[in-house]
Amino acid sequence: MHSIRLATRYAKSLLDFAVEKGKLEEVYQDQLYLKKLMEISREFRVVLSSPVISSDKKLKIIESVTKGKVGELTMTFFKLITRKKRDVFLKDIVDSFLRQYDVFSEITQVRLTIAAPMDKTEIDKLISKVKVQAQLKNVKLTTEIDESLIGGFILRYGDKRYDASISKNLGIYRKGLENNEYLKNLR
């Protein structure tokens, strides 16, 4: 739990400083780059989390990997967390920053799971309907395909879930038939 609080505080400080300097979008793009880098490079994650590698060496590695790809403010932040020996929490800090950015920018993460590829105009209609009904200001959409849905979709945002899939409806009908007293009397 300590690492989550620590990451939240550092991320909040970075967000506030970026807003103050007018570089929020630049720092946001830097954090997206870092998240992607940590997702694709196991070696980078291992270096960051290693207590054996010195902070100075970690900073040199971070600088060489991110040179020309992140802004000056983000590099200054790297130096700060490395000097304070908080570099092992970089992944948590990046994740926390991205969540806080969404809150600050009033962005709602929406996940749409569909059974088969859907036309972009249909997706746009669905999302605009959700925005109006749920009073969402900005939406960041992630779509995924799950053929087990058979048809329809599942929409998730925040703690809400709307399941309009055929597989769910089939399950409801199956339960209804199993509990049907008329059919039980025929057996």
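**Group meeting: a walk through the chain**

Okay, let's start with a pair: R156 stands opposite R161 in strand β4. Before going on, a word of caution: this is a predicted model, where local features need pLDDT of at least 70, side-chain atom pairs count only at pLDDT 80 or more, and totals for chains, interfaces and linings use all residues. Residues are numbered from 1 along each chain as its sequence is written, and side-chain values use heavy atoms, with hydrogens and water left out.

Back to that pair. Strand β3, residues 153-157, pairs with β4 in the antiparallel sense over 4 bridges. By pairing I mean that DSSP finds at least two bridges between the two strands. L155 is part of this too, standing opposite Y162 in β4. The hairpin of β3 and β4 has 2 residues between the strands, and G158 there takes a positive phi near 55°.

Now the whole sheet. It's an open sheet of 4 strands, in the order β2-β1-β3-β4, with mixed pairing. As a reminder, strands of a sheet pair through backbone hydrogen bonds, either parallel or antiparallel. Which strands sit at the edges? Those are β2 and β4 (160-163), and each pairs on one side only. Neighbouring strands here are turned by 15° against each other on average, direction ignored; the axes are lines fitted to C-alpha atoms, for helices over the stretch in contact, and angles run from 0 to 180 degrees between N-to-C directions.

Stepping back, the chain has 9 helices and 4 strands. Those are DSSP runs numbered from the N terminus: helices are H or I with at least four residues, strands are E with at least two. In order from the N terminus, you get α-α-α-α-α-α-β-α-β-β-β-α-α. The radius of gyration is 23 Å, well over the 16 Å that the globule rule gives for 187 residues, so the chain is more spread out than a compact globule. (That radius is taken over C-alpha atoms, and the rule is 2.2 Å times the number of residues to the power 0.38.) Along its principal axes, the C-alpha trace spans about 80 × 35 × 30 Å. Of the 187 residues, 36% are buried, where buried means under 20% relative accessible area, exposed over 50%, and partly exposed in between, using a 1.4 Å probe and protein chains only.

On to the helices. Take α2, residues 24-40: at 1.5 Å a residue its 17 residues should span 24 Å, and its end C-alpha atoms are 24 Å apart, which agrees. The expected span, by the way, is 1.5 Å times one less than the number of residues. Buried residues in α2 include L24, Y28, L34 and M38. What covers the buried residues of α2 includes α1 (2-21), α3 (42-49), α4 (55-66), α5 (72-83) and α6 (90-104), plus β2 (138-145).

Then α6, with 15 residues: it reaches 20 Å from its first C-alpha to its last, close to the 21 Å expected. Its buried residues include L90, I93 and F97, but also D95, Q100 and D102. They pack against α1, α2, α3, α5, β1 (107-114) and β2. Just after α6, E106 takes a positive phi of about 55°.

So what about the core? In soluble globular proteins, nonpolar side chains tend to be buried together. A nonpolar core here is a set of buried Ala, Val, Leu, Ile, Met, Phe, Trp, Tyr and Cys residues joined through side-chain atoms within 4.5 Å. The largest one has 30 residues, and M38, F78, L90, I93 and F97 touch the most other members. Helices α1 through α6 each supply at least two residues, and the largest share, 7 residues, comes from α1. There's also a second, separate core of 11 residues, including L126, V130, L136 and F153.

T66, in helix α4, is buried, with a relative accessible area of 0%. Leaving out residues up to four places away in sequence, T66 touches Y33, L34, M75 and F78, contact meaning heavy atoms within 4.5 Å. And F89, in the loop between α5 and α6, is buried at 17% relative accessible area. The C-alpha atoms of F89 and I4 are separated by 8.8 Å, though the two residues are 85 apart along the chain.
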